[in-house]
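Hi,

Here's the structure I promised to pass on.

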Amino acid sequence: MTIKVIALNTFKEAVRDRILYLLLFFAALSILVSRILALLTVGDRAKIIKDVGLASISFFGALMAILIGTGLVYKEIEKRTIFTLISKPMRRHEFLLGKFFGLVLTLLVMLALMSVIFLALVFFHTFSVEWKMLLAILYIFIELILITAVAILFSSFSTPILSSLFSLCFYLIGHFSWSLETLIKKIPAGILKVMAQIVYTILPDLENFNFKAEVVHGLTIPPQVLLYSAAYGFLYTVFILSLAILVFRRRDFI
Amino acid sequence: MRKNVSLILILCLSCLLFMGLKLEIDKVSRQKIPGSSIIYIPSGKYLKMVTFGFSSLMADLVYIWAIQYFGNTTIPDKFDHFVHIFSIISELDPRYVDPYEVGALIALYDIKDVALSIKLLDMGFAKNPDLWIFPLEAGHYAQLYKKDFPLAREYYKKAMDIPGAPDITKRLYANAAFKVMDIKTAWETWLEVYETAKEERVKKIASNHLYNIKATVDIRGLRSVLEKYKAKYGRYPDKLSGIVAAGLLLFIPKDYDNKDYVYDPKTGDVKTAVIPWKR
């Protein structure tokens, strides 16, 4: 119940943030610019629109999660409203989870708005509603949930600027970590290979949520990949949130 | 304290589970269209616009990707967009020499298309007209793999005219000129190489070529006169001096070392006394 109240308040607070609308504006602009890019290509124009549109949703969604998420907890501490909150009969993890769910709700609404613009643009090109795009968007949302958890984790012990930087690094590492596999293949068997393998499995692999190419090209996605990826997103989020709660519990505000 | 213990347990459990899941996901192969993201980009010019000043870095990344992509033996149609991919790199970083050279090698050895290989080197030369390496390599490929000496000669000439080109370029040009029987150019160029060479080894090479050119011209002339002699007298002369006595030639030429050519009166064959390269 407490989590729900904090989540709704966080949502109200987030939708009042001007930066959210600025990002939404640029996201919409980027989706619409795909139309111009499509004019420059030779061949399948709808493909360019889908690619740029999905990339914009993913990129600006991540920016929203990072820029808003990193300020959420810090603002409460800086403005000292945290004293009022923690003096209430409320546990610290409820506060943190409330903040998390509030931002997830905000992102859901933003993602829905961007998806409507995107699907409308695709519709004007293909004259059909491409529902399969929603699968890629759903996994973008799972990725955003994880990024939100990461932003909250950093926000619980660091300043917004540093937290944004760390979260951005997490995002970049998450999208490049798959390339470690190639490196591991080239390392001769031994302790170094084992260590590299452990690092590879611990590092986030955000490519597990990337079904954009498959959806755009109409490729078959194995159901177990969809299932495992969703479970991976859920478990990684649980891991990050547990870490955030652990850090937040140990934090002294005075 | 108990709360923290349970939280740490959740932390460890979720960590182990997502690590296991990651390994499981890796086991399932997903359908992929290699290179699809690049193929649809119309040109490197437009890609350059969105690199925000990091076009050189983007060129590096596309190049690294291309190397992995073309090295993948499981993609049967990987060469379909070969030129397109290398033109993207060329647009992003026109001064990046390696992609043109490596691309040319891939075209030569993997695609077995000499023309395509030369096309890539041409692309590099068009973007870098001050770099002699592109026409030199193109000439080398044209000579070795196409046996197209007129084309090789053109490329060597281009390379030779660029300041800083290595000395060997002039020698390759002179050799190609001889192969297309442009005797005058070949002689003049080899003579220039001989006169300007600082190393004895190079002087010797030039001298051997000059010997060979002179011998080729002389022997060709002697053979022609010998055929005229045979047409008139029904046989070849007993000695080469016979053609001078018959008034068909003013004098018998000597080789570059001022020695006589070897003549066989039975066949009318004229040869040099030594092999030009073993003088």
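Lys112(B) sits in the loop between helix H6 (97-109) and helix H7 (114-127) of chain B. Helices here are DSSP runs of H or I with at least four residues, strands are runs of E with at least two, and both are numbered from the N terminus. Lys112(B) has a positive phi of about 60° although it is not a glycine. Lys112(B) is exposed, because 10 other C-beta atoms lie within 10 Å. For the cut-offs: 20 or more other C-beta atoms within 10 Å of a residue's own make it buried, 12 or fewer make it exposed, and anything in between is partly exposed, with C-beta atoms placed from the backbone.

Before I go on, the bookkeeping: this is a predicted model, in which local features need pLDDT of at least 70 and side-chain atom pairs count only at pLDDT 80 or more, while totals for chains, interfaces and linings use all residues. Residues are numbered from 1 along each chain as its sequence is written, and chains are lettered from A and ligands numbered from 1 in the order in which they are written.

Phe127(A), in the loop between H5 and helix H6 (133-155) of chain A, has a phi near 55°, a positive value in a residue other than glycine. Phe127(A) counts as exposed because it has 7 C-beta neighbours inside 10 Å.

Back to chain B and its H6. H5(B) and H6(B) pack with their axes 10 Å apart, at an angle of about 170°. Axes are lines fitted to C-alpha atoms, for helices over the stretch in contact, and the angles run from 0 to 180 degrees between N-to-C directions. That angle is why H5(B) and H6(B) are roughly antiparallel to each other; the classes are roughly parallel under 35 degrees, roughly antiparallel over 145, roughly perpendicular from 65 to 115, and oblique for the rest. On the H5(B) side, Phe82(B), Phe86(B), Ile89(B) and Ser90(B) meet Pro99(B), Gly103(B) and Ala107(B) of H6(B). Contact means that the C-beta atoms of two residues, placed from the backbone, lie within 7 Å. By class, this contact has five nonpolar, two polar and no charged residues. Nonpolar covers Ala, Val, Leu, Ile, Met, Phe, Trp, Tyr, Cys and Pro, charged covers Asp, Glu, Lys and Arg, and the others, Gly among them, are polar.

Val83(B) is also in helix H5 (residues 82-92) of chain B. Val83(B) is partly exposed, with 16 other C-beta atoms within 10 Å. From Val83(B) to Gly103(B) is 20 residues in sequence and 8.8 Å in space, C-alpha to C-alpha.

Further along, H10(B) (residues 168-179) has 12 residues and reaches 16 Å from its first C-alpha to its last, close to the 16 Å expected at 1.5 Å a residue. That expected span is 1.5 Å times one less than the number of residues. How many residues of H10(B) are buried? Nine of the 12 are, which leaves the helix mostly covered. Among them are Lys170(B), Arg171(B), Tyr173(B) and Phe178(B). The buried residues of H10(B) pack against helix H8 (133-145), helix H9 (149-160), helix H11 (183-196) and helix H12 (200-233) of chain B.

Just after H10(B), Met181(B) takes a positive phi of about 65°. The C-alpha atoms of Met181(B) and Val217(B), 36 residues apart along the chain, are separated by 9.9 Å. Val217(B) lies in helix H12 of chain B and is partly exposed, with 14 other C-beta atoms within 10 Å.

For the whole of chain B, the secondary structure comes to 13 helices and two strands. Buried residues make up 30% of its 279 residues.

Last, the interface. Chain A puts 31 residues in contact with 22 residues of chain B. H11(A) gives the most to the chain A side, with 15 residues. That side divides into 19 nonpolar, eight polar and four charged residues.

Cheers
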